[in-house]
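Visitor: Hi, I have a new structure to look at. Can you walk me through it?

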Amino acid sequence: MSLKVSDLRVYYRTLRGDVHALDGPTFTLADGEIMGLAGESGSGKSTLSKSLIRLDGRMRYVGGSVELDGTEVPIWDDAAMNRFRFKEISIIPQYSMSAMNPTRKIGVMIAELLESRGVRFKTVREELHRRLELVGLDTEVLKRYPIELSGGMKQRVVMVLSTILDPSLLIADEVTSALDVSTQRAVAEMLVEFRDRRFVKSMVVVTHDISLVYQIADSIMVMYAGRLAEKAPARTIIEAPRHPYTRMLISALPEVGVTYAEQRLTGIPGSPPGLLDPPKGCRFRARCPLASDECATEPPFVEVTPDHHVACWKAE
Amino acid sequence: MLRFDRVSKVYNVGSFGSDRLTAVREADFEVRRGEVVALIGESGSGKSTLGKMALRIASVSQGTITCDGTDISTLRGNRRLKDYYRRVQGVFQDPFSSYNPVFKADRVFAMVRGEYYRDVPDAQWRAKVHAALETVRLDPQQILGKYPHQLSGGQLQRLLIARALLLDIDYLVADEIISMLDASTRIDVLNLLGDLKARGLGILFITHDLALGNYISDETVIVHKGSIVERGRTEKVFGDPLHPYTKKLLSSVPQFHKKWEEVEAELKAREAADTRIRDYHLPVGQEPPAQLFEADEGHFVQPFPHGARASA
Amino acid sequence: MTAAQPLPDPLAGPEGTAAALPEAPRREALYFALRNKKLLIGSAIVGSLLLLGILAPFFFQNGPNERIAPPGLEPSAQYWFGTTQFGQDIFVQFAHGVRSTFLVGVLGGGIGAVIGMTVGFVAGYKGGWIDEILNMITNVVLVLPTLAVLLIIAAYLESRGIVMQSLFIGLTTWPWAARAIRSQALSLSSRDYVDLARLSGFRTHKIILRDIAPNMSSYLFMTFILLFGGSVLAAAGLDFVGLGPTDGMSLGLMMHQAVKWGALQLGVWWWFVPPGLGITAIVGSLYIMNVGLDEVFNPKLREM
Amino acid sequence: MRKYFARKIFVYALTFFVAVTINWMIPRFMPGDPVQSRLARASLNNPEASQAMRDYYTSVFGFDLPIWQQYLNFWGALFKGDLGISVWLFPTPVTDVILRAVPFSLGLLLPAILLSWVVGNRFGAYAARSKWLDNTVLPVGYVLTATPYMWLALLLAWGLGIVAGWFPVAGAYSFALRPDFSWMFVSSLVQHWFLPFLSMFLVALGGWAIGMRNMIIYELESEYSNYLQALGAPRRLIRKYAFRNAMLPQITGLAVQLGTVVAGSLLTEIVFSYPGLGFLILQAIQNQDFFLLQGAFLFIVAGVLIANFIIDIVYVLVDPRTRIQLQGGVK
């Protein structure tokens, strides 16, 4: 069991009170698993992924626990977390294109970062070169400034750098959303290759694009309004979703071959609830065609068939 | 008919325009009323520039854009431009950036009234606004008097479409209008374009998303690095793609029920089975011309070297 | 002169909060304004000096240059700030000086702001060769050392008044403001709502006034405050060299006279301390007010 | 790269041209024909000087010549280094008077600018560390930048000079000494130099500290800082990067602030009767020595332009981004 998250609650502090951005997800991530974390804006997916590595100034840890390879991860303690960052838990940020110091040569920056974490640069240099070549980069890039590289090249450097210490868990935060269709496939497949070569043990791929994670993930976890809706193997989520939200969401997404003239799709009416003072019970209730009285109580996130978890009273 | 006749856009960059950058090269296509044309391309393809030129926000460097026969670059002066905007309107990608954050969202209606319907009495105007809101399926009660940040992205985009409808337009340029909306609501805004088409509007739907273009359009235009590489009836372009770039896009777009490898294998198999003689192949090394070749009835492709893979 | 983002970007907030703010941005600004110590303290000092400058001169029977008392008196209950070597009441001079300081600030800062805004908005919105030319002019005036230019102009003027002085100050201090406003206007003019205004048939001046400027109102106000401070300091420098208004009284002129008549050597500190303190208090409080305003309007800084 | 500098030089040349033109126009086109009235006034005080002035005016302005001819003559004289004869120090040429004063001005300006820049940046970076420091350094910085140069000079002269008696408050060296390389002379020079230097240093310090504080906060919020934090880099490394990157805009700031600091030095010199350009300007104004005033003006403008150009070069050398962009190496 690589990652175990239990009842994690992280809120955003605002003037008008706490925004319940992440309200108690409990799930596990197996060794070698690539999990797609999907959801719309405000679903809590990026709050969850950020919480696993670094809470920013406005985020407040409220409760719950995170365990990685059997060790408790103190996500509430910024200083203690430094021990885990990079070495155990690492991230490929959404802003990869601007993640490197613009006035430092890339190689110098990497060396300084590694040395500051107590890793002799010499000991990883060869592996670094190997991995840069693996992602199709010349080792010459280490002698360049970030501005001399194209966006795609910068992103690949960041992918290699983030995983150079073979972390146990990698968070890939919307890594493909800024890319063009023709390049996002290469990047997504590179993530799988990183896992296959055991550069990382397991991976959370955060995205708003379910069709993309379907291509590479082993499992997909869908979030809605700060809570988990459903987690299942990728194919199951697409072909046999149980949660009404997942079902409606998937049937609202067009893919090549579906046309307005032949098969009109429909969206989900309404909009997600505000999280400043979230409604009691199931948070999808107001938009759910199946909602009934029992939905006023919060549905537990339970395993309905092996590896298929759903938080819905109607999911039998 | 909104017609692009060998339209080019060249930007002068650098100090005093010392360098030139071609954003669009001799684009040639048209948008008819009652039809949705999907203009599909990746970032930097020049697709948005084409939309901006049609809206007279960017000037045309070469070629002409005509609206029902009138060259739109000849529309000088505020009055003639306003007449043009009565017939052609646009909606843009970012719903939040489309609203001035210091004003209420329904100011976009007030702006139209101030410029076009100054003399319309209040009651009549209100009826007109309500009718437009109804078309885009918005509840006036929930919308009017709110600030942009109090509304959702989907509501804001619908509001902008309603604004365009107030002007009784013939053509709408929709530039990536749903790419920033949430997955669960975006399809409804897209369906709205289908409804407008049924009412006789001509729509230029600019997008980077093949699935969306495929879903809503009648005609498809694929642009790559400023040039149109393929265009034709949507079912032709998607069903029988000719240009290597189009094929590459189709094999890269993530699908739901097929993995990338499956799609790629299918395309390859079809290509192998295809024995038609191509008379639009170029000798290797020759620069492809901007003029497209009509490979099939109403299906145009930019000539490319035989055996070429995508050049992206 | 920090690059301030004029208003919170609705997309910049954490997930969910954008939709959770029920009130208008303006009311939120007021909420922060009333809780910002820097803003409150700054405006209290500026406000009280402004009142002094406006009201006090009406209560004096004597003008600032009239010799009404024994010379060189230390500050006392009767003469709050003491008297000069010529028996002039320094408090009376101070109050008149504060008045003209505010006048120079408002006029000079105002003229500078109008030029800077016009140049900045037109260059930023229009772009192209108009931008190139305006930029060139801005750069030329920017590198000209302001005080040196003012000295040479003032030296040849036969009679000098506050209005004339402010005019010349305003004509020379605008370039940095034009630059700052240009870059703000440039980024705002690429927003979609500007395109939408064009599609609504708005003319250029209307777009600048109705759509671009309101989004920078806090920024423009802060620019004016900085220009105000700059004008006050420039005027004080001119007055100190002896090229100030040929009639009337100003804080710089008080220091000029103090130095000229040996206040330093005679140890008459009450002659040169109040005017400088007045200038520092006004300009310094304005600057600190500005930081406060920046914190009010720029949500990123609120968290600090 | 060449194009970038060509453009910069063009702006500076244009500025110099404008400055010279202002210099030529002002005496010609001010209301009430100031030239004639100056001549008249000077002839009362000093007949000899009045003759020299008249000669210069006729050669340069040549009242009967067409305007464009006068303008060209003015430039011609300028290129020969002829700025006229000083009335105040008759019959020394203005150029000589100014060249004598320039070293004193530079001796004050350069150390004051450079040291205040270095120290101010350190303070500013330090201030961004904690709320407590920020709340002290920031207001002090703002008060310092709001202080008129001459007032701080007056306070220091009075407090440390007159009251405490630690430093002399007038001149560049003791009147009893003649310039030589003796220990006594040099120490007198330093003693006289210290107070004007200190007052300029202090006023300029505030601005740099504030600028750096704002820049570094911006850098610490940037994405590369975020990334480093997410990878658990120690604060030391993140601060180091932020500080270095925040320095770059401060170099440009140096160019922007130059005019203000030069103006400040003029005022400070006046308080301390320090024989630099500022003191010359005061003498020129008081003695109605307009050639001297105009000459000083041109020297100041030229100096500021040269300094700007040096800063441009330095900036390109230290910022890899600009350097690479100028070399056309961006992919």
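Guide: One term to start with. A salt bridge is a side-chain nitrogen of Lys or Arg within 4 Å of a carboxyl oxygen of Asp or Glu. Keep in mind that this is a predicted model.

Visitor: Okay. Which residues of chain B are linked in a network of salt bridges?

Guide: The network links Arg3(B), Asp5(B), Asp28(B), Glu30(B), Arg32(B), Glu35(B), Glu219(B) and Arg233(B).

Visitor: Why can side chains pair like that?

Guide: Side chains can pair when they carry opposite charge and their charged atoms come close.

Visitor: How many salt bridges are there over all chains?

Guide: A search of the whole structure turns up 53.

Visitor: Show me one in chain A. Which side chains meet in it?

Guide: Take Glu112(A) and Arg104(A). Their side chains meet in a salt bridge at 2.8 Å, N to O.

Visitor: Is Glu112(A) buried or exposed?

Guide: Glu112(A) is buried, and Arg104(A) is buried too.

Visitor: And chain B? What does Glu115(B) form a salt bridge with?

Guide: Its partner is Lys82(B). The closest N and O atoms are 2.9 Å apart. Glu115(B) sits in helix α3 (residues 107-116) of chain B and Lys82(B) in helix α2 (residues 78-87) of chain B, so the pair ties together parts 33 residues apart in sequence.

Visitor: Is Lys82(B) buried or exposed?

Guide: Buried, and so is Glu115(B).

Visitor: Now chain C. What does Arg182(C) form a salt bridge with?

Guide: With Asp131(C). The closest N and O atoms are 2.7 Å apart. Arg182(C) lies in helix α8 (residues 175-189) of chain C and Asp131(C) in helix α5 of chain C, so this pair ties together parts 51 residues apart in sequence.

Visitor: Why does Asp131(C) count as buried?

Guide: Its relative accessible area is 10%.

Visitor: Let's switch to where chains touch. How many residues of chain C are in contact with chain D?

Guide: 45 residues of chain C, and they contact 58 residues of chain D. The area buried between chain C and chain D is about 4,700 Å². Carbon and sulfur atoms give 80% of that area.

Visitor: How many salt bridges are between chain C and chain D?

Guide: One. The side chains of Glu132(C) and Arg7(D) meet there, at 3.4 Å, N to O.

Visitor: And how many residue pairs are in polar contact there?

Guide: Three between chain C and chain D, counting pairs with both residues at pLDDT 80 or more.

Visitor: Which parts of chain C supply the side that touches chain D?

Guide: Several helices each supply at least two residues, among them α5 (128-143), α6 (146-156) and α11 (217-241) of chain C. The largest share comes from α14(C), with twelve residues.

Visitor: What about classes? How many are nonpolar, polar and charged?

Guide: That side of chain C has 33 nonpolar, eight polar and four charged residues.

Visitor: New topic. What is the secondary structure of chain A?

Guide: Nine helices and 13 strands. Of its 316 residues, 59% count as buried.

Visitor: How does the radius of gyration of chain A fit a compact globule?

Guide: It agrees. A compact globule of 316 residues would have a radius of gyration near 20 Å, and chain A has 20 Å. The C-alpha atoms of chain A fill a box of roughly 65 × 50 × 40 Å along the principal axes.

Visitor: And chain B? How many helices and strands?

Guide: Eleven helices and 14 strands. The radius of gyration of chain B is 21 Å, close to the 20 Å that the globule rule gives for 312 residues, so chain B is as compact as a globular protein of that length. Buried residues make up 55% of chain B.

Visitor: What is Ser211(A) in contact with?

Guide: Leaving aside neighbours within four places in sequence, Ser211(A) is in contact with Pro254(B), Gln255(B) and Phe256(B). There is also a polar contact of 2.6 Å between the side chains of Ser211(A) and Asp209(A).

Note on methods: Residues numbered from 1 in each chain as written. Chains lettered and ligands numbered in written order. Predicted model: local features only at pLDDT ≥ 70, side-chain atom pairs only at ≥ 80, totals over all residues. Heavy atoms only, no water. Contact = heavy atoms within 4.5 Å. Buried area = accessible area lost by both parts, 1.4 Å probe. Polar contact = N/O pair within 3.5 Å; in protein donor to acceptor, adjacent residues only side chain to side chain. Helix = DSSP H or I, 4+ residues; strand = E, 2+ residues; numbered from the N terminus. Nonpolar A, V, L, I, M, F, W, Y, C, P; charged D, E, K, R; others polar. Buried < 20%, exposed > 50% of the residue type's maximum accessible area, 1.4 Å probe, protein only. Rg over C-alpha atoms; globule rule 2.2 N^0.38 Å.
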